[in-house]
Amino acid sequence: MSDDLAGRVASIRERIAAAARRAGRDPSEVRLMAITKTFPPSTVGEAMAAGLTLFGENRVAEAQAKFGGLEDACELHLVGHLQRNKAAVAAGLFSCVQSIDKPETAEALARHCEALGRRMDVLIEYNTSGEATKSGVRDRDGLAACLAAVHRLPVLRLRGLMTVGPLGGGPPEVRRAFRLLRQLFEDVRAERQPEGIDTLSMGMSGDFEVAVEEGATMVRLGTALFGDRP
């Protein structure tokens, strides 16, 4: 699989670069995250051998089983919903939590980060499609509440926003969702000191090129890299 994976990584990087150029952007602005949920630990090793160093997992326990001991070898983000009873493990395992959607979640994570004596990057997740089955704040009031919570928690460092595109949506719906997040991102940067607020995480295997065209600085790919999930 290693040779095939290296070829897929190269192809995807070319597609990211082409999408960035279509939007008049520098391709180096876009980071590629490998989503390894449900894939075995061997997939992580193969991904690292193919040159991937940025990984995302959806569940804390699964991430702990696969990435425990690899913290210095890669950058690991939580992209799935964080349950408050998992915040202690998350605080010691991840470089960034991309799924802050409640002040209480931010507060729980901050307590455990403070106990460990570390700071953590966070993104606020915004539900751009309004789908009831998805996590994320649903309006500007919810976003403002999370922004205020992170601002008053010095161990958390706001880096930007994240969204999941409409499930099963067509290209126009997907593009509208990504444009909404880009506008919210720019609004947040305008309202606050923009230094360090630099991450717009959107786009997955089926829609990452649209995301790049609409301003994504990080795309999160699983099946496009590794094939169908086990």
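Glutamate 214 counts as buried, at 10% relative accessibility. This residue sits in the loop between α8 and β8. The model is predicted.

**Glutamate 214 and its surroundings**

- Glutamate 214 forms a salt bridge with arginine 175, and the closest N and O atoms are 2.7 Å apart.
- That pair links distant parts of the chain, 39 residues apart. Arginine 175 belongs to helix α7, while glutamate 214 lies in the loop between α8 (208-213) and β8 (218-221).
- Arginine 175 is partly exposed, with a relative accessible area of 26%, whereas glutamate 214 is buried, at 10%.
- Salt bridges with shared partners join Arg22, Arg175, Arg179, Glu213 and Glu214 into one network.
- Neighbours within four places in sequence left aside, glutamate 214 is in contact with Arg175, Phe178, Arg179, Arg182 and Met202.
- Leucine 200 is 14 residues away along the chain from glutamate 214, and their C-alpha atoms are separated by 10.0 Å.

**Other salt bridges**

- The model has a count of 18 salt bridges.
- Aspartate 187 and arginine 140 form one of them, with 3.0 Å between the closest N and O atoms.
- This pair also links distant parts of the chain, 47 residues apart. Aspartate 187 is in helix α7 (residues 171-191), and arginine 140 is in helix α6 (residues 140-151).
- Arginine 140 counts as partly exposed, at 46% relative accessibility.
- Glutamate 29 and arginine 25 meet through their side chains in a salt bridge of 3.2 Å, N to O.
- Here glutamate 29 is partly exposed, at 41% relative accessibility, but arginine 25 is buried, with a relative accessible area of 15%. Arginine 25 counts as buried because its value is under 20%.

**The largest pocket**

- The largest pocket holds about 650 Å³ of space.
- Its lining has 26 residues, and the closest to the pocket centre are Lys37, Asn58, Val79, Gly80 and Val164.
- By type, the lining residues of the largest pocket divide into nine nonpolar, 10 polar and seven charged.

**Nonpolar cores**

- In soluble globular proteins, nonpolar side chains tend to be buried together.
- The largest nonpolar core in this model has 63 residues. Those with the most contacts inside this core are Phe55, Phe94, Leu109, Leu143, Leu156, Val219 and Leu225.
- Leucine 156 is in contact with Ala106, Leu109, Ala110, Cys113, Arg119, Met120, Val122 and Val150, leaving aside neighbours within four places in sequence.
- Another core, of five residues, lies apart from the largest one. Among its members are Met33, Ile35, Leu54 and Val79.

**Residues in other loops**

- Threonine 38 lies in the loop between β1 (31-35) and α2 (41-49). Its phi is near 70°, a positive value in a residue other than glycine.
- Threonine 38 counts as partly exposed, at 37% relative accessibility.
- Glutamine 83 has its place in the loop between β3 (75-78) and α4 (87-93). At 44% relative accessibility, glutamine 83 is partly exposed.
- Arginine 59 is 24 residues from glutamine 83 in sequence, and the pair is 9.4 Å apart in space, C-alpha to C-alpha.
- Glycine 136 is found in the loop between β5 (120-125) and α6. Glycine 136 is buried, at 12% relative accessibility.
- With neighbours within four places in sequence set aside, glycine 136 is in contact with Asp101, Glu125, Tyr126 and Asn127.
- Threonine 163 is 27 residues from glycine 136 along the chain, and their C-alpha atoms are separated by 7.6 Å.

Notes:
Residues numbered from 1 in each chain as written. Predicted model: local features only at pLDDT ≥ 70, side-chain atom pairs only at ≥ 80, totals over all residues. Heavy atoms only, no water. Salt bridge = Lys/Arg side-chain N within 4 Å of Asp/Glu carboxyl O. Buried < 20%, exposed > 50% of the residue type's maximum accessible area, 1.4 Å probe, protein only. Helix = DSSP H or I, 4+ residues; strand = E, 2+ residues; numbered from the N terminus. 1 Å grid on protein atoms, 1.4 Å probe; cavity = no way out; pocket = protein on both sides within 12 Å on 5 of 7 lines; lining within 4 Å. Points joined across faces, edges and corners; volume = space filled by probe spheres on them. Nonpolar A, V, L, I, M, F, W, Y, C, P; charged D, E, K, R; others polar. Core = buried A, V, L, I, M, F, W, Y, C linked by side-chain atoms within 4.5 Å. Contact = heavy atoms within 4.5 Å.
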